[in-house]
Amino acid sequence: MKKILLILFALIVSISTVSALSYVELMKYDPLPAQAGEYVDVWIKFLNKGNTDLEHAFLRFKPSYPFSLDPTEEAERDLGKLKEGQFSIQKYKIRIDPNAIEGENPIYFEYKECVGCVWTEINPIINIIEAHTDFEIVVQELGKEGTSIAIANIGKNPANSITIKIPKQQDIE
């Protein structure tokens with residue numbers, strides 16, 4: 001009986017020690033800030049900071065509103081063996097719902113350090129802005145010399161460029 005308790009105690013201690021071997025963080029995301037209705041690339045770093053090798057490290061994305069995984073991506077990744085001090089950087093292509101709330105939104109990932117280990121959750125923050133920009137167009141002057149048009153950005157976000165195409169009119173030369 002003592003032998004079983006001793007083995008059980010050693011197993012519990014080794015499991016709790018393993019959980020202190022890793023450091024997982026959001027390295028970066030692009031674009032910054034992310035835009036509702038668009039994709040964002042997210043880089044997650046998994047670091048073995050312990051003094052022993054991790055035989056099989058795993059990382060997975062947990063879908064939660066407003067984030068979903070691009071269909072070409074795999075949510076769960078087997079990082080393989082990570083030696084002492086070694087790290088793995090994983091890039092995920094994430095879709096943001098067009099109706100996402102502007103501001104700081106948590107994104108959820110889980111990791112574990114071995115095949116039989118328990119998943120540990122991390123939830124870094126992604127800053128989202130509305131992608132909607134709107135314009136108001138007014139004809140200011142119409143004459144023989146030309147036409148003057150005013151364009152005002154009435155949306156919440158800046159515009160990088162505007163393209164205007166005016167088709168040829170029959171009565172206007």
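## Close-up views of a predicted model

View 1. Over residues 8–19, pLDDT stays under 50, and here the model has three contacts beyond four places in sequence. Keep in mind that this is a predicted model. Where pLDDT is low, the predicted coordinates should not be read in detail. For the protein as a whole, the mean pLDDT is 85, with 84% of the residues at 70 or more.

**View 2. An open sheet of four strands.** Follow the strands across and you get the order β6-β4-β9-β10, paired antiparallel. Which strands stand at the edges? They are β6 (76–82) and β10 (120–122), and each has a single partner strand, so one side of each is left without a neighbour in the sheet. From one strand to the next, the twist averages 25 degrees. Strands of a sheet pair through backbone hydrogen bonds, either parallel or antiparallel.

**View 3. Where β9 meets β10.** Zooming in on this pair, strand β9 (residues 108–112) and β10 run antiparallel and are joined by three bridges. Take E110 as an example: its bridge partner in β10 is E121.

**View 4. The cis peptide bond at P31.** Look in the loop between β1 (22–30) and β2 (34–35) to find P31. The peptide bond leading from D30 to P31 is cis, and its omega is near 5 degrees. Most peptide bonds are trans.

**View 5. The cis peptide bond at P66.** This time the place to look is the loop between β4 (54–62) and β5 (67–69), where P66 sits. The bond from Y65 to P66 is cis, with omega near 10 degrees. Strand β4 also belongs to the open sheet of View 2.

Key: Residues are numbered from 1 along each chain as its sequence is written. This is a predicted model: local features need pLDDT of at least 70, side-chain atom pairs count only at pLDDT 80 or more; totals for chains, interfaces and linings use all residues. Side-chain values use heavy atoms; hydrogens and water are left out. Two strands pair if DSSP finds at least two bridges between them. Axes are lines fitted to C-alpha atoms, for helices over the stretch in contact, and angles run from 0 to 180 degrees between N-to-C directions. pLDDT is the predictor's confidence in each residue, from 0 to 100. Contact means heavy atoms within 4.5 Å.
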